[in-house]
Every structure is written in C-alpha cells, then in structure tokens.
Amino acid sequence: MRCTLNKPASAALSVEYSLLGLLSERPMHGYELHQELSRKTGLGLVWTVKQAQLYAIMAKLEGRGFVVAETLVLGNRPARRVFHLTEEGLAAYGEWLDAPVGRRDFRLDFLAKLYFAQKGGPRVAAALLAKQRALCAEWIAGMEDRARASEDRGLDVLVYRYRLGQLKAMLVWLDECKEHFAAETSETTIRGEQQ
C-alpha cells in the first residue's frame, strides 16, 4: 500500500513529511511542533514555517488520516490539541525517508531527509546517502550525454556544462556527508569502548 502525500510544487511536501517525522518521535501539540521547526539549528536551517501555516498543514495531515489529535485540558491552562502519528502516517513517513529525491527537490527535501536519517542512526543515514549518490551519478551520466550531443551549439553547451557542474558539486557534497557520518560513527564507537 502506498501512503504518499500528493506532491505539491512547493516545499510544503518536505514540511509535511518532516512534521510526520517529528511526531514519529513523540506526540506534540502545535506550538511544540512550531518550536522544533523554528530552531536555529536542524530543520530551522532548512526553512521557516509560520505558525498559521503549520496549523493548516496539520489540518491537511489530519484530514488524510496521517495524524489524529486529542484535546488535553490541564488545570486552568487553555486546552491544547496534541497530535499523534497514525500507522498510515508512519508508513508514509518511512516511505518518504527511504527514497532519494529528485534534482528540483534536492536543496530542501534532501536536507530534511538527512536530518531525520541521521537521527535514525548510521545505517539509515548511510542507506539514504548511497541511494541519493547513485541517483546523482545517473543524473551526471545523462547530463554528460546531453552536453556531448550539444557541442558547438553556442549557449546550449554552456547551459549543460553549468548543470553538470551543479550535479558534480552535489556528488562531492554527498561524499562529504558520508565521510562526516562515518567519522561520527567511529568517534561514538571509540567513546563507547573507552567507557
């Protein structure tokens, strides 16, 4: 069963899945979710989401059956809606996290995925990076073919070379990510052995 969300033309998709990812860690109310997305580190480096936007997205996720909300009243405090991830929401999140992203979605979607993949541990991060690297290598091969086919066509070849340069930079960055996570894993292993 495929549980994917509809793919809008904006960054809303990665925000929706990121909210599912946050809820996979624990149930949260809207203000907590907004705080997580507003930090100056982690997901806050990827994008900003206004609180009103967040509540609209949560209503959409609830309508699709990916989350359920319960209203909690604690003493004299105002009632809060606490969101819980459903099994369908967890499946959609897992499917999203496992798949590499397209070129147009790379900057936002991949960074959000990498945030959650590293939280899932070295194997999850390594698997995502390997899949994304393989896809990026395919893009490079296709762009090299187009660049060769367009030689001596003025601007065409320059455009393809520019795109090729971007793709190669992505590949270098993905290799840096792999090395970073491998080094973190080694440091963690060494610290564990020393204790």
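**View A. Arg-103 and the ring of Trp-139 in the predicted model.** Arg-103 is placed over the face of Trp-139, 5.8 Å from the ring centre. A charge counts as over a ring if NZ of Lys or CZ of Arg is within 6 Å of the ring centre and within 35 degrees of the ring normal. The model is predicted, with pLDDT of at least 70 required for local features and 80 or more for side-chain atom pairs, whereas totals for chains, interfaces and linings use all residues. Residues are numbered from 1 along each chain as its sequence is written, and side-chain values use heavy atoms, without hydrogens and water.

**View B. The stacked pair Phe-106 and Phe-110.** The two ring centres are 5.0 Å apart and the planes lie at 5°, so Phe-106 and Phe-110 are stacked. Rings of Phe, Tyr and Trp (its six-membered ring) pair if their centres lie within 6.5 Å; planes under 30 degrees apart are stacked, over 60 edge-to-face, and the rest tilted. Both residues belong to helix α5 (residues 106-120), 4 residues apart, about one turn of the helix. Helices are DSSP runs (H or I, at least four residues) numbered from the N terminus. Phe-106 and Phe-110 are both buried, that is, under 20% relative accessible area with a 1.4 Å probe, protein chains only.

**View C. The edge-to-face pair Tyr-115 and Phe-116.** Their ring centres are 4.9 Å apart, with 85° between the planes. Tyr-115 is buried at 17% relative accessible area, and Phe-116 is buried at 3%. Together with Tyr-17, Tyr-93 and Trp-96, Tyr-115 and Phe-116 form one aromatic cluster.

Notes. Helix = DSSP H or I, 4+ residues; strand = E, 2+ residues; numbered from the N terminus. Buried < 20%, exposed > 50% of the residue type's maximum accessible area, 1.4 Å probe, protein only.
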